[in-house]
Amino acid sequence: MVKGRSLFSLSGLVLSVLLTACASAPPEAPQKEYVFPPPPDPARFVFETTLVSTAQVQDVDSKSRFRMMVTGERQKGKMMPKPFDVAVCKGRIYVSDTVARRVFVFDPVEGVSFDIGGSRPGILNKPMGVAVDANCNLYVADMSQSRIVLYDRDGGYITAMGGSSMFNRLTYVAVDPAGERVYAVDTGGVGTQEHRVRVFDVANGNHLFDIGTRGTGDGEFNLPRGIDVAPDGTVYVVDAGNFRVQAFSRDGEFLHSFGSLGRQMGQFARPKGIAVDPDGNVYVADTSFGNFQIFDAEGNLLLFIGDRGSSGGPAEYMLPSGMAVDENGRIYMVDQFFHKVDIFRPAQLATTDGYLGAWFR
């Protein structure tokens, strides 16, 4: 009798595996709900999941799934040794990694993962900042090669722009909403005045003009870092050494700045990555604070999320770097120390809504 029940249970297990084989498993829900700001204030963002391995998004065939369930074997995937920046387009997540010398691609909706930058002519040596345009073309700032490499959404090489004569220290990159101009951050160093943003024409790779030089005045930079372009074309640049964010027009005209050195919210200690959401709000990662702060387009503080910590749990950071906000308002935050990308969704967005929502169904 016991033997018969065991065989019946096993057959049921096989059937269950076969029925679910074509779909990638949804991410595990956190043990408790993390909302920001915490109660009693109304929630504006909800922590969804943490991305650490390509195995999390890969579809598994029925045979492999059954073997893993029976043997306890875990699905194999690639970890991120030192992620730096993130860009997202229609549910496809691109994460640059300076140690792996690749851009990792996570597509939980299609159930695929792969990496970009391992073959010529699109080989990468030290990928830093990444950006995407409306067609999901990928732009990668390669510091070692002093060039911006352009790929299609699947990693097919398109072209490159820049070169050793164009940059001292290329770090971050952004592209305008129309996909016409690339804005590349030349962070510079102690011995140069060339702390600037260099602007290129996507169509032909020609250098158009520069924004800024080293200094503390309006439109000047001291070790610029992250950069992003708002839906209205406003260019936001993290002016890290001056502890502020500066805003420019599409053509490089200084508009305004916000932020100062300090330990209070709304101030900065070590600002790094930046992102702009579909409503024009600005998100700034701060490595010293271990968080990111959210501002409106004029620089008024709206909210901060995260804190420094040693466990690497939800919204806990040690070395936050790049970040992105997708078309539906989901936030993606990279932490280099914990080798992860945290994902948050707007509280008014249902878990299964938006491009990434299919992952949670």
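A residue counts as buried when its relative accessible area is under 20%. By that cut-off, all five residues of strand E17 (residues 244–248) are buried, and the strand is mostly covered. The model described here is predicted.

**Overall composition**

The chain has 361 residues, of which 54% count as buried. It contains two helices and 27 strands. The accessible surface of the chain is about 15,700 Å², and carbon and sulfur atoms account for 51% of that area. Among contacts between residues at least 6 apart in sequence, 47% join residues at least 24 apart.

**Strand E17 and its partners**

The side chains of E17 are divided between two directions: Arg244, Gln246 and Phe248 point one way, Val245 and Ala247 point the other way, and all are buried. Strands of a sheet pair through backbone hydrogen bonds, in either a parallel or an antiparallel sense. For E17 and strand E16 (residues 235–239), the pairing is antiparallel and consists of five bridges. Within this pairing, Asp239 stands opposite Arg244 in E17. The hairpin of E16 and E17 has four residues between the strands, and Phe243 there takes a positive phi near 55 degrees.

E17 also pairs with strand E18 (residues 254–258), again antiparallel, through four bridges. Here Val245 stands opposite Phe258 in E18. These two strands form a hairpin with five residues between them, and Gly252 in the turn has a positive phi of about 90 degrees.

**The sheet E7-E8-E9-E10**

Four strands form an open sheet in the order E7-E8-E9-E10, with antiparallel pairing. Strand E7 (127–132) and strand E10 (157–162) are the edge strands, each pairing on one side only. From one strand to the next, the twist averages 20 degrees. E7 is joined to strand E8 (residues 138–142) by four bridges in the antiparallel sense. In this pair, Ala131 stands opposite Tyr139 in E8.

Arg120 belongs to the loop between strand E6 (112–116) and E7. This residue counts as exposed because its relative accessibility is 69%, and the cut-off for exposed is over 50%. Arg120 and Tyr157 are 37 residues apart in sequence, with their C-alpha atoms 8.5 Å apart.

**Thr171**

Thr171 is in strand E11 (residues 170–175). With a relative accessible area of 1%, Thr171 is buried. Leaving aside residues up to four places away in sequence, Thr171 touches Phe84, Met128, Gly129, Ala141, Met143, Val185, Thr187, Pro224 and Arg225. One of these, Val185, is 14 residues from Thr171 along the chain, and the two C-alpha atoms are separated by 5.8 Å.

**A nonpolar surface patch**

Met265, Leu301 and Phe304 form a nonpolar patch on the surface, and together they have about 240 Å² of accessible area. Leu301 is located in strand E22 (residues 301–305). Its relative accessible area is 35%, so Leu301 is partly exposed.

**Backbone exceptions**

Most residues other than glycine have a negative phi, and most peptide bonds are trans.

| Site | Feature | Angle |
|---|---|---|
| Phe36 to Pro37 | cis peptide bond | omega about -5 degrees |
| Pro39 to Pro40 | cis peptide bond | omega near 10 degrees |
| Ala315 | positive phi, not a glycine | phi about 60 degrees |
| His339 | positive phi, not a glycine | phi near 55 degrees |

Pro37 lies in the loop between strand E1 (35–36) and strand E2 (45–51). Pro40 is likewise in the loop between E1 and E2.

Ala315 lies in the loop between strand E23 (307–308) and strand E24 (316–317). Its relative accessibility is 7%, so Ala315 counts as buried. His339 is in the loop between strand E26 (331–335) and strand E27 (340–346). At a relative accessibility of 34%, His339 counts as partly exposed.

Technical notes: Residues numbered from 1 in each chain as written. Predicted model: local features only at pLDDT ≥ 70, side-chain atom pairs only at ≥ 80, totals over all residues. Heavy atoms only, no water. Pairing = 2+ DSSP bridges. Axes fitted to C-alpha atoms, helices over the stretch in contact; angles between N-to-C directions. Patch = residues over 30% accessible without salt bridge, like charges linked within 9 Å, V, L, I, M, F, W, Y side chains within 5 Å. Areas by Shrake-Rupley, 256 points an atom, 1.4 Å probe, with all protein chains shown as cover. Salt bridge = Lys/Arg side-chain N within 4 Å of Asp/Glu carboxyl O. Buried < 20%, exposed > 50% of the residue type's maximum accessible area, 1.4 Å probe, protein only. Contact = heavy atoms within 4.5 Å.
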